[in-house]
Amino acid sequence: IRSIKYIFLLIAPVCVGGMILGAKIVILFYGFEYEASGELLKIVIWLLIPYGIIMVFACFFIASDHQEIDLKINVISCIVSTLLCVFLIPQYGMMGAAVSRLLSMTVFLSLYLYCMRKYLFTIPFHTILWKIGVASILMGIVVYLLSSLHVLIVICVGILVYGGFSILLGTVDLSDIRLLIRMKKNEFESK
């Protein structure tokens with residue numbers, strides 16, 4: 001459960017900020033000629049959430065000797081993804097590809113959630129997510145209000161705001177900070 005918390009803790013603000021600043025981020029890295037792809041980024045960035053959770057769930061199924069369920073979920077998701085691409089890409093082009101990918105990943109995640117509940121255990125998402133969601137939304141409001149400033153300034157302020165709200169809301173506690181320090185210490189010692 002902690003791994004899911006950390007995934008959301010890191011990915012949620014990236015998704016919210018990326019959705020608000022999509023075009024500016026693309027311009028910063030690739031120039032004005034690619035500005036239109038900022039709209040794609042605003043959709044595709046949300047793939048990070050289901051993808052991150054799916055990777056953890058896949059490990060749960062494999063570690064608990066439920067590979068056959070993992071395989072079935074992957075096959076069904078592949079079929080759904082192919083069908084969505086067939087129907088959406090010809091009509092909507094790049095946006096169709098982005099939306100089909102997001103929808104297929106949502107189906108993928110939904111199948112994993114169902115099978116997690118049925119075969120393994122239930123994850124209390126409501127207790128994990130609400131504080132992260134509130135901190136992300138509050139950060140998003142600040143980022144939106146400051147979006148006329150240079151994108152790097154807005155990103156830095158967004159990080160500080162999100163970090164501050166995460167601490168104030170108790171999203172990040174002392175055990176999380178200790179874990180981070182331990183990980184950094186182990187990383188430093190291994191070099």
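Me: Where is aspartate 65 found?

Reply: Aspartate 65 sits in the loop between α3 and α4. The model is a predicted one.

Me: Why is aspartate 65 called exposed?

Reply: The relative accessible area of aspartate 65 is 57%. The word exposed is used for values over 50%, so aspartate 65 counts as exposed.

Me: What is noted about the phi of aspartate 65?

Reply: The phi angle of aspartate 65 is near 65°, which is a positive value in a residue other than glycine.

Me: Histidine 66 is in the loop between α3 and α4 too. Is histidine 66 buried or exposed?

Reply: Buried: the relative accessible area of histidine 66 is 18%. The cut-off for buried is under 20%, so histidine 66 falls in that class.

Me: What is histidine 66 in contact with, leaving aside its neighbours within four places in sequence?

Reply: With those neighbours left aside, the contacts of histidine 66 are Phe61, Tyr119 and Leu120. Phe61 also belongs to an aromatic cluster, together with Phe57, Phe60, Phe108, Tyr112 and Phe121.

Me: What makes serine 77 a buried residue?

Reply: Serine 77 has a relative accessible area of 6%. Buried means under 20%, and therefore serine 77 is buried. This serine lies in helix α4, residues 67-120. Leaving aside neighbours within four places in sequence, serine 77 is in contact with Phe108 and Leu111, and Phe108 is one of the members of the aromatic cluster.

Me: How do you know that tyrosine 30 and tyrosine 34 form an aromatic pair?

Reply: The structure holds 7 aromatic pairs. In one of them, the ring centres of tyrosine 30 and tyrosine 34 are 6.3 Å apart. Rings pair if their centres lie within 6.5 Å, so tyrosine 30 and tyrosine 34 qualify as a pair.

Me: And why is that pair of tyrosine 30 and tyrosine 34 called edge-to-face?

Reply: The planes of tyrosine 30 and tyrosine 34 have 70° between them. Planes over 60 degrees apart count as edge-to-face, so the name applies to tyrosine 30 and tyrosine 34.

Me: Which accessibility classes do tyrosine 30 and tyrosine 34 fall into?

Reply: Tyrosine 30 has a relative accessible area of 55% and is exposed. Tyrosine 34, with 47%, is partly exposed.

Me: What makes lysine 42 and glutamate 39 a salt bridge?

Reply: The distance from N to O between the side chains of lysine 42 and glutamate 39 is 3.3 Å. The definition asks for a side-chain nitrogen of Lys or Arg within 4 Å of a carboxyl oxygen of Asp or Glu, so lysine 42 and glutamate 39 meet it. A search of the whole structure finds 1 salt bridge.

Me: Where do lysine 42 and glutamate 39 lie?

Reply: Both lysine 42 and glutamate 39 are in helix α2, residues 37-44, and they are 3 residues apart, about one turn of the helix. Lysine 42 is partly exposed at a relative accessible area of 24%, and glutamate 39 is partly exposed at 39%.

Me: Which residues of α2 are buried?

Reply: The buried residues of α2 are Gly38, Leu40 and Ile43. They pack against α1 and α4.

Me: How is the packing of α1 and α2 described?

Reply: Two packed helices are described by the angle between their axes and the distance between the axes. Helix α1, residues 2-30, and α2 pack at an angle of about 145°, and their axes are 8 Å apart. The crossing of α1 and α2 is right-handed. Among the residues making the contact are Gly18, Met19 and Gly22 of α1 and Ser37, Leu41 and Lys42 of α2. By class, the contact of α1 with α2 has 5 nonpolar, 4 polar and 1 charged residues.

Me: Why does isoleucine 167 count as exposed?

Reply: Its relative accessibility is 58%. Exposed means over 50%, so isoleucine 167 is put in that class. Isoleucine 167 is in helix α6, residues 151-168.

Notes. Residues numbered from 1 in each chain as written. Predicted model: local features only at pLDDT ≥ 70, side-chain atom pairs only at ≥ 80, totals over all residues. Heavy atoms only, no water. Helix = DSSP H or I, 4+ residues; strand = E, 2+ residues; numbered from the N terminus. Buried < 20%, exposed > 50% of the residue type's maximum accessible area, 1.4 Å probe, protein only. Axes fitted to C-alpha atoms, helices over the stretch in contact; angles between N-to-C directions. Left-handed = near helix turned anticlockwise from the far one by under 90°. Contact = heavy atoms within 4.5 Å. Nonpolar A, V, L, I, M, F, W, Y, C, P; charged D, E, K, R; others polar. Phe/Tyr/Trp six-rings, centres within 6.5 Å; stacked < 30°, edge-to-face > 60°.
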